[in-house]
Amino acid sequence: MSEWKGVCEAISRATGQPAVPAGADSLGGGCINQAFRLSVTDGRSWFVKVNDAASLAMFEAESAGLLELASANAIRVPQPVCCGSVGQIAYLVMEYIPLGRGGDAGELGRCLAVMHRRTAETFGWETDNTIGSTPQINTPDSDWVRFWRERRLGFQLRLAANRGYGGSLQKKGARLMERFPALFDTHTPEPSLLHGDLWGGNWSTDARGDPVIFDPAVYYGDREADLAMTELFGGFGEKFYRAYRADLPLDPGYSLRKTFYNIYHILNHLNLFGGGYGAQAEGMIDRVLAEL
Ligand code: ADP
């Protein structure tokens with residue numbers, strides 16, 4: 001890629017050390033961006049995400065999110081180095097961490113509880129970001145129910161309507177928007193620091209076996225929303241949940257709110273990928289409504 005020279009110039013500025021490109025290996029696994037391991041002639045290397053130039057704001061928000069997670073000192077995250085645009089592309093450069101194959105999920109559970117203890121004054125965050133490639137609006141709000149209604153559930157339902165997913169999905173969605181506040185009659189969440197997109201593909205371990213999380217969609221919100229996402233595509237295993245609950249127990253209403261929170265992600269999948277996610281979202285809405 002002809003742009004590597006420009007990326008390396010930005011790395012030189014950010015690190016204060018000259019960086020001359022030696023090679024870039026394409027890495028698989030990313031859902032949204034192209035990922036590379038970029039090496040320079042003195043042997044150092046970085047993890048670089050690349051997308052079209054319009055993606056710069058997304059990379060800036062991801063970089064800020066990584067810094068926010070790092071500031072909690074709870075779980076290792078790749079340290080961002082710089083982001084910018086060169087020619088037709090935008091890029092985000094971060095520390096390259098050789099990732100292991102599966103690690104101690106119990107340790108991740110313990111560390112996630114520590115991270116969730118980090119709280120803010122209000123729900124949301126200082127920066128909007130993306131969930132997948134969908135905008136995620138984080139305008140702060142002191143009221144969690146209103147935040148979720150307007151910036152999460154309502155936002156994805158409106159997006160779905162604009163994409164032509166109307167009919168029963170929107171009818172059920174409207175009923176859920178009306179009734180879901182009852183889920184919070186006896187549950188008063190605090191604004192906890194959340195990863196925001198914590199599925200199994202967004203954590204791993206480093207060479208020492210310590211957990212690493214990446215690709216976040218950071219905001220401050222109910223910690224149950226992070227846990228719910230861990231359960232959406234298969235779960236993180238019993239050791240993870242036992243370790244987490246040993247430090248931060250969960251309210252009994254979590255099992256219903258888990259389904260409720262994950263409707264956001266399934267609607268997002270519908271909006272990104274279409275297909276069977278509409279039926280899945282409707283099924284989840286039915287299950288929650290049946291309990292309200
Ligand atoms: P995308 O934004 O396209 O979804 P990810 O952030 O998920 O990309 O990264 C793609 C893959 O690259 C991950 O699944 C992970 O295996 C690997 N990866 C992510 N961050 C790093 C890093 N800092 N160092 C090394 N490998 C990484």
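Modeller: One term to begin with: a salt bridge is a side-chain nitrogen of Lys or Arg within 4 Å of a carboxyl oxygen of Asp or Glu. K49, E62 and D215 are linked in a network of such bridges. This is a predicted model, where local features need pLDDT of at least 70 and side-chain atom pairs count only at pLDDT 80 or more, while totals for chains, interfaces and linings use all residues. Residues are numbered from 1 along each chain as its sequence is written, and side-chain values use heavy atoms, with hydrogens and water left out.

Biologist: Which residues are the closest to the ligand?

Modeller: N33, K49, E95, I97 and D215 are the closest, in a shell of 17 residues.

Biologist: How much of the ligand's accessible area does the protein cover?

Modeller: The protein covers 88% of the 560 Å² that the ligand has on its own. Areas come from the Shrake-Rupley method with a 1.4 Å probe; for residues, only the protein chains shown count as cover.

Biologist: Which elements give two or more residues to that shell?

Modeller: Those are β3 (45-52) and β5 (89-95). Helices (H or I, at least four residues) and strands (E, at least two) are DSSP runs, numbered from the N terminus.

Biologist: Back to salt bridges. How many does the structure hold?

Modeller: It holds 15. One of them pairs R117 with D247, with the closest N and O atoms 2.6 Å apart. R117 is in the loop between α3 (105-116) and β6 (129-131), and D247 is in helix α7 (residues 238-247), so the pair links parts of the chain 130 residues apart.

Biologist: Are K172 and E282 buried or exposed?

Modeller: Both K172 and E282 are buried. Buried means under 20% relative accessible area, exposed over 50%, and partly exposed in between (1.4 Å probe, protein chains only). Their side chains meet in a salt bridge, 3.2 Å from N to O. K172 is in helix α5 (residues 167-179) and E282 in helix α9 (residues 277-290), so this bridge ties together parts 110 residues apart in sequence.

Biologist: What about R152, where does it lie?

Modeller: R152 lies in helix α4 (residues 144-162) and is buried, at 0% relative accessible area. Leaving aside neighbours within four places in sequence, R152 is in contact (heavy atoms within 4.5 Å) with residues including Q136, N138 and Y264.

Biologist: Which phi does N73 have?

Modeller: N73 has a positive phi of about 55°, although it is not a glycine. N73 sits in the loop between α2 (56-71) and β4 (80-86) and is exposed, at 70%. D215 also has a positive phi of about 55° without being a glycine. D215 lies in the loop between β10 (211-213) and β11 (219-221) and is partly exposed, at 28%.

Definitions and conventions. A residue is near a molecule or strand if one of its heavy atoms lies within 4 Å of it.
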